[in-house]
Amino acid sequence: MHHQKLILFDFDGVIVNGIEEYWFSSKFACEKYLLNNSKNLNIDKYIEVPKIFVEIRPWVKYGWEMVLITHEILKTYKPLNNLTKNSFLENYEENCSKLLLEYSWNSSELQKCLDDARVFQIRNDLKKWISLHRPFNEVVSFIKSVKEKGYKVGIISTKGKTFTSKILSNLDIFPELIFGYESGSKIDIISNLAQNYVITGFVEDRRKTLSNVLENNQTKFINCYLAEWGYLKSKDKIDLPQGIKLLKIKNLEDIVAN
Ligand SMILES: [Mg+2]
């Protein structure tokens, strides 16, 4: 046991707003890497990130879902649009699984397409790719300040670890621990960490992930913070269980207050 204090942060929606990067990388993945099924796409339909993509973001858990959703928004026949959005979201996970079956895709294939799209952009123009991520400056400063106070910092992302590390070092943040999707589920990562560190808090913008932390015997003592500035569904803020606090960006210091 290190008995060292550790603060954990989710990445996208907590440290950076990566919506633009997700859209352009997913679109690129559809165009260049999704062979056979990308013929009927209206790739140039949107110059900017479409509103529907932003609206669906709070339901998304993994990067590969972004590629699937982008494909659905861009397809020429029966695209995902304002008329079909609500019914799609009502059974979000089932609908994603159905689409995978329909196209004979699997999630790791789609994730690979997204990762390849990122590798291509990083090789081609790293600065431009980095610029598609908008940092939440208050969070960046907070992470630097807690490190100075002697806290260890861990970042748990559902992006690949190398991509996360590149963006973090560009923000001048060097956490002791970085986990990407390769490291397994967030709950498993946190359970393992809880055996070796005193976890002071976990900041995340996905309510379900925080609920999982509270329901797990090894992690239920961790102070969970729902990042109000992240990608939240409107009902996420309502009736939060004891143990999950809604955190405003101006109140980040609350995490280290006691
Ligand atoms: Mg997030």
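K78 counts as exposed because 8 C-beta neighbours lie inside 10 Å; a residue is called exposed if 12 or fewer other C-beta atoms lie within 10 Å of its own, buried if there are 20 or more, and partly exposed in between, with C-beta atoms placed from the backbone. The structure is a predicted model, in which local features need pLDDT of at least 70 and side-chain atom pairs count only at pLDDT 80 or more, while totals for chains, interfaces and linings use all residues. Residues are numbered from 1 along each chain as its sequence is written.

K78 is found in the loop between α3 and α4 (85-90). Helices (H or I, at least four residues) and strands (E, at least two) are DSSP runs, numbered from the N terminus. The backbone of K78 has a positive phi of about 50 degrees, although K78 is not a glycine. Most residues other than glycine have a negative phi. S104 also has a positive phi, near 55 degrees, in a residue other than glycine. S104 lies in the loop between α5 (92-103) and α6 (107-131), and S104 counts as exposed because it has 9 C-beta neighbours inside 10 Å.

The domain assignment of the chain gives domain 1 (4-17 + 134-256) and domain 2 (19-131); such bounds come from an automatic or database domain assignment. The C-alpha centres of the two domains lie 25 Å apart. Their contact takes 12 residues from domain 1 and 10 residues from domain 2, where two residues are in contact if their C-beta atoms, placed from the backbone, lie within 7 Å. On the side of domain 1 that touches domain 2, helix α8 (residues 161-170) gives the most, with 4 residues. The residues of that side divide into 5 nonpolar, 4 polar and 3 charged. Here Ala, Val, Leu, Ile, Met, Phe, Trp, Tyr, Cys and Pro count as nonpolar, Asp, Glu, Lys and Arg as charged, and the others, Gly among them, as polar.

A further subject is the packing of two helices. The axes of α1 (residues 19-32) and α3 (residues 63-74) come within 9 Å and cross at roughly 75 degrees; axes are lines fitted to C-alpha atoms, for helices over the stretch in contact, and angles run from 0 to 180 degrees between N-to-C directions. The two helices, α1 and α3, are therefore roughly perpendicular to each other, a description used for angles of 65 to 115 degrees. In this contact, Y22, W23, S26, K27, A29 and C30 of α1 meet M66, V67, T70, H71 and L74 of α3. These residues divide into 7 nonpolar, 3 polar and 1 charged.

T70, in helix α3, is buried because 28 other C-beta atoms lie within 10 Å. Apart from neighbours within four places in sequence, T70 is in contact with W23, S26, K27, C30 and F53.

The strands form an open sheet of 6 with the order β5-β4-β1-β6-β7-β8 and parallel pairing; two strands pair if DSSP finds at least two bridges between them. At the edges are β5 (177-179) and β8 (244-247), each of which pairs on one side only. From one strand to the next, the twist averages 20 degrees. Strand β1 (residues 4-10) runs parallel to β4 (residues 152-156), and 5 bridges join them. L6 has K152 in β4 as its bridge partner. Helix α10 (residues 207-215) packs on the sheet and touches β6 (197-204), β7 (224-227) and β8, with its direction making about 175 degrees with that of β7.

Notes
Angles under 35 degrees count as roughly parallel, over 145 as roughly antiparallel, 65 to 115 as roughly perpendicular and the rest as oblique.
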